[in-house]
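Subject: Structure handover

Hello,

Here is the structure I said I would pass on. My notes on what I found follow below it.

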Amino acid sequence: MALPNTLMEYPCVEHCLGGVSHFEDVPQWIYDLDNPYLHGAYAPTLDEMSVDNLEVSGELPADLVGGYFRNGPNPVYQPKNRQHPFDGDGMVHGVYFRDGKASYRNRYVQTAALLQERADGKSISPGVMGPFDYSISQFGIKDTSNTDVLWFAGDIMTLWYNAGHPYRLDSQTLETKDFYELQGRDTLRMSAHSKVDWNTGELLFFDYGDEPPFMTYGVADASGKLQHEVAIDLPGPRLPHDMGFTTNYAILHDLPFFHDMEVLRRHKYRVLTFHTDIPTRFGIIPRRGQSSDIRWFECQPCYILHATNCWEEGDWVVMDGCRSLNPMPDVLPGEGDLASMLAYMRLEANVYRWRFNMKTGEVREGDIDDLNTEFNKSNPIFHGVKSKYGYHQRIPLLHEGGYTLRFTGLVKYNNDTGQRDQWDYGAGVFGSEAVFAPKVGADRTSAEDDGYVITLVTDSNTWQSDCLVFDATDIAQGPIARVRMPHRVPFGFHAAWARGEDLYR
Ligand SMILES: [Fe+2]
């Protein structure tokens, strides 16, 4: 089939997963752009579908009841400027499991920015690669809500990596209701990777920005009512990505990978620098503590996207996560004005453990394993208390073929021993962030890995997408069930599991 290309060649795209492929369901302007994050595995779909009784190979377990929700970028309109994956309009894909059957639904997050663009029929806001324009949006760029997704207080919440406005989606229809406002909070801003504590139902949230206070931290109760919010004193604007919590504490990140405000003010571009002379700091604050209660621990300079879990052991607070020593890899020649974005997206990270002594201030830290993995998740029932298992995505480095960010396999770690079990998705098949789905009725007396691990994969050889269900105790045997999706699911960011006890209440 002839490609509808208007470009003569695509030097950057040809290294992306799936190359320049012809799709009917994409906005056809993608073929005017040589940007690998708009093609092949990353090509957006404009189609929104609702399909029940999906074809299943293998058997869906009767005690797998709930929903897998995954967010990701799906740009509708041709960007005004250079396109970054964080700029694509958010779309949530939901796979619902009940009675051994599965349904699928996907919907755009109807953000304020997207509604405005739909009204105008064109792109309005600049994206992450600037130039920033604060006359269009308070963020200077487009708040796409495309990064994270949470189940909280009966609805789906979508969030953007840059601490945008959270959106509230109906969990059954995935229709956008409104902003996800917390009762009693007078601002909306909230970062991706704010956390729901399954044990208490609370939302522990944070936000950050370029004006003081550079970070806030807060808690809402299980009904969405604000209980607590404090300003966190940081030395300047930062770009933290995640937070953690234990039974008694929240753990906040001050990472030495940030931008120069003078450059942003003067040139309207946000240029990130990794400051190897500035320590990484973790601020441990009682969950309802005041700013003055926070204790900062200095660690080796690094960047962290995602923590796996945190807990207390006597005087120690322990945090497992993935650490990056090189958050801005060198740019490659010939990539023109996309070079920095392409380098930034080549994630280099490995699983790591930090220990902080609340009595003495001592820090102990070290690698658990050196394999390049990220998008690490764990059993949410055990969030805040001791756990050992993490479920990561294998990410090939550039020299292993990782020109663009791609998830090529599922890796289960025992973080106490460093032992890993792995299942590769297959040649040309890319995965999504995997979630742990506890069995119906599971609690903290259940074995930590007594449940399922669920991900969405797309085969770039056929463009068939499947939802895979693994027995979490035996990842290496491959999926125990495979649910055929009714259409191609593009590459995406984060996913969440909603328990059937909550979702089908
Ligand atoms: Fe993230």
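Predicted model: local features only at pLDDT ≥ 70, side-chain atom pairs only at ≥ 80, totals over all residues.

Overall form

The protein contains four helices and 33 strands. Its C-alpha trace spans about 65 × 60 × 45 Å along the principal axes. The radius of gyration is 21 Å, which agrees with the value near 23 Å that a compact globule of 505 residues would have. Of the 505 residues, 63% are buried. Among contacts between residues at least 6 apart in sequence, 60% join residues at least 24 apart.

Strand S22 and its partners

Strand S22 covers residues 350-357, and eight of its eight residues are buried, so the strand is largely enclosed by the rest of the structure. S22 pairs with strand S21 (residues 316-324) in the antiparallel sense, over eight bridges. In that pairing, Trp316 stands opposite Asn357 of S22. S22 is also joined to strand S23 (residues 363-367) by five bridges, and these two strands run antiparallel. Here Phe356 stands opposite Val363 in S23. S22 and S23 form a hairpin with five residues between them. Gly361, in the turn, has a positive phi of about 85°.

Backbone exceptions

Most residues other than glycine have a negative phi, and most peptide bonds are trans. The following places depart from that and may be worth a look.

- Gly130 and Pro131 are joined by a cis peptide bond, with omega about 0°. Pro131 lies in the loop between helix H1 (112-120) and strand S6 (148-152).
- The bond from Pro212 to Pro213 is cis as well, with omega near -10°. Pro213 is in the loop between strand S11 (203-208) and strand S12 (215-220).
- Asn53 has a positive phi, near 50°, and sits in the loop between strand S1 (50-51) and strand S2 (56-58).
- Trp463 has a positive phi, near 60°, and belongs to the loop between strand S30 (451-459) and strand S31 (464-471).

Are Asn53 and Trp463 buried or exposed? Asn53 has a relative accessible area of 56% and is therefore exposed, the cut-off being over 50%. Trp463, at 17% relative accessibility, counts as buried because the value is under 20%.

Asp449

Asp449 is located in the loop between strand S29 (435-438) and S30. With a relative accessible area of 12%, Asp449 is buried. Which residues does Asp449 contact, leaving aside its neighbours within four places in sequence? They are Tyr389, Tyr391, Lys412, Phe436, Ala472 and Thr473. For one of these, Ala472, the C-alpha atom is separated from that of Asp449 by 5.6 Å, with the two residues 23 apart along the chain.

Regards

Terms used:
Residues numbered from 1 in each chain as written. Heavy atoms only, no water. Buried < 20%, exposed > 50% of the residue type's maximum accessible area, 1.4 Å probe, protein only. Pairing = 2+ DSSP bridges. Rg over C-alpha atoms; globule rule 2.2 N^0.38 Å. Contact = heavy atoms within 4.5 Å.
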